[in-house]
Amino acid sequence: MNHRSLPGELHDDVRRPCAAPPSRSRPPRRPGWPSLPCLAAAAALAALGCGGAAGQPATSAAQPTVMTPAQIAARATPAVVTIRGDGSLGAGFLVREDGWIATNFHVIAGMPDLKVVLWDQSEHPVLEVLAFDEDRDLAIVRIHAPRRLPLLRLGDSRAVRPGDPVVAIGHPLGLADTVSNGLVSAVRIVDPALTLLQISAPIAPGSSGGPLFNERGEVIGVAAAVATQGQNLNFGVPADYLKKLLVRPDPVPLSTFAAETAEEEQALPAIKRSIPHHALSLLRGCTESDLLVLARTMDGAIQVGSPLYNEGDFASCYHIYEGAALDMERRIGRACRGPKQALAEGRRKAARLDDNAAQAWAMRDAFDGLLDVILRKVHGDAE
């Protein structure tokens, strides 16, 4: 049995999340960051003093205008895309007007069917993988551009220094075009062939592949990993590695790439489901806005959680679902008592269990029960 759709130590940003209804056949296992868990761990160790060095100082005389995070977001968001697979979710950004898109390797690995959602909500299939670097978790894919598309300018990541401001745009937990800002905490040399940018700007599953900007609105990195061993330890891959891929494309059809990068499936534990059936009266007191928050948040959590579950990272899947439930309980109105109680009951049931896989399914059952009653409400079903 598998969760439908991403896996790991909450990596999306270093692994993927949770479950599909057991009645469906399990999709191919999503490869996570092929070596990113260890890269994030190595970078985290570097952050504790096991390695690291500052980037080279900027040397250009004339610098572009310094921008606020709001100005960067307004200019850059049209070039940030969503990349969806069979239950997977990631981000990317346009680097050429004719449909070249940069993202993380782990976002697309093993995925035979990928669609890119542009800023105008139009969907476009990924045609081929132009270049990739598995060790640095980078890839460039191509779509058919319906017109000249907005693109982002790549900056000089060698000029990045600890303390520099940084802005991230991504889709954490499916929340599209989320903007966060912070600082470059450090420039970590993981090994002679790999340097990572440690940042304080929050990123989460769904943010993988999104751009990281300097204060001039230039892309200086690609959001990559979250280390769960500490608080706010986030990492990006320097943009200079991406520049090298852009100058030496070696196109391969997406189907070929997916077959070559797919991982073998692993056996998942058998779980007996118990999805509650709620009466429509459960939604009494809930506004349309409440129902929208519930539906979108649960769908986003499942998109992120299920791949993690399918990779065997049951604990991360459970924590994503639990966190989403707590977030919904806080965000919906006080009069929307029924869903609040249903989510709280799901959390209580999961907390009484000792097995992470069972805990993940307990939360998924609570979500599916709520999604079912919301759909019946929207469709105008009678009790």
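Strand β3 and strand β7 (residues 138-142) pair in the antiparallel sense over four bridges; two strands count as paired if DSSP finds at least two bridges between them. Within this pairing, Thr-103 stands opposite Ala-139 of β7.

Before I continue, a word on the source. This is a predicted model, in which local features need pLDDT of at least 70 and side-chain atom pairs count only at pLDDT 80 or more, while totals for chains, interfaces and linings use all residues. Residues are numbered from 1 along each chain as its sequence is written, and side-chain values use heavy atoms, with hydrogens and water left out. Helices (H or I, at least four residues) and strands (E, at least two) are DSSP runs, numbered from the N terminus.

β3 also pairs with strand β2 (residues 89-96), in the antiparallel sense and over three bridges. Here Leu-94 stands opposite Ile-101. The hairpin of β2 and β3 has three residues between the strands, and Gly-99 takes a positive phi near 100°.

Are the faces of β3 (residues 100-103) covered or uncovered? Both are covered: Trp-100 and Ala-102 on one side, and Ile-101 and Thr-103 on the other, are all buried. Buried means under 20% relative accessible area, exposed over 50%, and partly exposed in between (1.4 Å probe, protein chains only).

I turn now to helix α5 (residues 254-261), where Leu-254, Phe-257, Ala-258 and Thr-261 are buried. Seen down the helix axis, these buried residues fall within an arc of 100°, so they line one face of α5; the arc is that of the directions from the axis to the C-beta atoms. On the other side, Ala-259 and Glu-260 are exposed.
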